[in-house]
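Work through the following exercises with the sequence and the structure side by side. Try each task before reading its solution.

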Amino acid sequence: MRTFTRMLSPRLWVRTPRVLPGFGLSMGLTLLSMTLLVLIPLGGLILFTATRMTLVEFWEQAIVEPRVLAAYRLSFGASFLAALLNAVFGFLVAWVLVRYPFWGQRFVDALVDLPFALPTAVSGIALTTLYAPTGWIGRWLAPWGLQIAYAWPGIVIALTLIGLPFVVRMVQPALEQLEEELEEAAASLGATRWQTFYRVILPTILPSLLTGFTMAFARAVGEFGSIYFIAGNMPYRTEIAPLLILIRLEQFDYVGATAIGVVMLLAAFALLLIINLLQWWSGRYRL
Amino acid sequence: MSIEVRNISKTFGTFKALDDVSLTVGTGELVALLGPSGSGKTTLLRIIAGLEQPDPGGGPILFHQEGVSERHVSQRGVGFVFQHYALFRHLSVFENVAFGLRVKRRAERPSRAVIRARVHQLLQLVQLDQLAHRYPHQLSGGQRQRVALARALAVEPRVLLLDEPFGALDAKVRKELRAWLRRLHDELHMTSVFVTHDQDEALEVADRVVVTHEGRIEQTGTPDEVFHHPATEFVMNFLGDVNTFHARVQAGRVQFNSLELPFPDNRQQIVGQARVFVRPFDVTIDTKTNGLPALEARVVRVHSAGPLVRLELRTGEDQRLVAEISQERFRTMNLEAGSRVYVRPRHIRVFAG
């Protein structure tokens, strides 16, 4: 709300002398790149659908159709679960990296970024090999009736892997900046370790944690490569929405494909907006 | 509640922060730990609080004759105030003060109504009741420190420990707050220890001053004692400006520069090499010689903006000297840069070396 009023206030447009001039140029380039890269492709997607489909068709084919609905549920549900897992374990990794100097710390720190660089198909295949019922890990779980690869847990694991760096890299600087005095103050006031953690540390770094969560979630919703290999891709069961788009395209049903794309786009936008509001709320005490 | 530490040492790596230190603070006393940075004063305070563990092999830490060395900081019943406030920035002023009450075990936790009443009472005490709903970033430095103090007092600590409480504030607020802290102490009579590197602060606020230097205690005494009767050269140097002269002591007389004075009434008896210390306000300035022993000097600079006039002088032996005289005396003498003056030390202090 505050940024909104600041946008509307005339102060931005009044020429104030600055150390670094060039507002016009940089703003122009920003708008140009955002338009070319984001606005035109996404706008085109919506326009393409809107001109070739009635609202009723859109509703019946891209929203309530059972196979599509199952794909949405899986895509968003698994992504949410993966982001949640990342929030917990990413926080732990960041905590260990910041708080406890240990031998090989630099190595572990570098390892965190690996999922960014690895082609996701590679990680998908690797995970599948491990977790398949005959794989190194899968074979120990199969007798218990636990199926990871070719089932939804496999999808969650793959999405967790590719989203991990976001949470770690967001939380790490926040933890580094956290003054030890805050913990000492809490302890001197009689707080237990657990109370110090959830009443002082967690709320202080919550905005960073939420940002990491959001990025991990957004990345997971769009992921395709690794899931293609680990999911098994059974309709209604382990078929994610991006894969369904590909299937529609292969059947030359371009309108159907873009319609799913539009739904994904709108849902992602709505979810990101909610999380952003949550983040603003959690950081409301900041300047 | 008295505090006693005996034979405490603390080493960080190869640096000895505290070297066999013992200290006693009486019930209801307000004691200042005064020293330059790195003298161990903050380490001592943190050891008393339980935020730091002393090296093994030292003596006990006693609160009211009861050993607390094994107790975690959260169980010692200390109120600790940090130099940079350490307020919880995600909590309002009210919630910051209420924190210590809210984290109590269910059986000991006061009811919501009691917490509310207690917090407002404390905020009134620190004169911030009207700002209860604000967040720390909306407060000035002085206000933040008062919130930190109210927060520390909320749990009814047995002792109050303050680490450079006014160190991050500007000069004027600092002066106001230290007078206020003294009044607050007179009201509450809580055993308190505060750390400072500002001698004015220590001398003005404390009942007793403990001067620390390189991990040891140099002197303990009332502000009057440490200021007027410094036990060591370091204390003399640290508590205010001082002029230093190399001297010789022989047959009860002190010789330095062109002067020879009787040995002052010092506890220690010195023979041979010595150093003489004279405070800037302990000298008399004359424009004419009147037969009494005096140093001849020239005025280099005059600072007359202040309660006293400060004269920078240079003696015939080319030694720098600082003198402070009253504004009235300054006017009657008609001094300016270049004037010739005669400097007579009224009061000297002699240490060996």
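What share of the contacts in chain B with a separation of 6 or more is accounted for by residues 24 or more positions apart? The share is 66%, where contact means heavy atoms within 4.5 Å.

Some conventions come before the exercises. This is a predicted model, in which local features need pLDDT of at least 70 and side-chain atom pairs count only at pLDDT 80 or more, while totals for chains, interfaces and linings use all residues. Residues are numbered from 1 along each chain as its sequence is written, chains are lettered from A and ligands numbered from 1 in the order in which they are written, and side-chain values use heavy atoms, with hydrogens and water left out.

**Exercise 1. Describe chain B as a whole.**

Step 1: the secondary structure of chain B consists of nine helices and 20 strands, which are DSSP runs numbered from the N terminus (helices are H or I with at least four residues, strands E with at least two).
Step 2: the C-alpha trace of chain B spans about 80 × 50 × 35 Å along its principal axes.
Step 3: of the 353 residues in chain B, 52% count as buried, that is, under 20% relative accessible area with a 1.4 Å probe and protein chains only.

**Exercise 2. Characterise the interface between chain A and chain B.**

Step 1: 21 residues of chain A are in contact with 23 residues of chain B.
Step 2: the two chains bury about 2200 Å² between them, with 62% of it on carbon and sulfur atoms; buried area is the accessible area (1.4 Å probe) that two parts lose on being put together, summed over both.
Step 3: two salt bridges are counted between chain A and chain B, each a side-chain nitrogen of Lys or Arg within 4 Å of a carboxyl oxygen of Asp or Glu.
Step 4: E184(A) forms a salt bridge with R46(B), and their closest N and O atoms are 2.6 Å apart.
Step 5: helix 10 (180-188) and helix 11 (193-222) of chain A each supply at least two residues of the side that touches chain B, and helix 10 of chain A gives the largest share, seven residues.

How values were computed. Buried means under 20% relative accessible area, exposed over 50%, partly exposed in between (1.4 Å probe, protein chains only).
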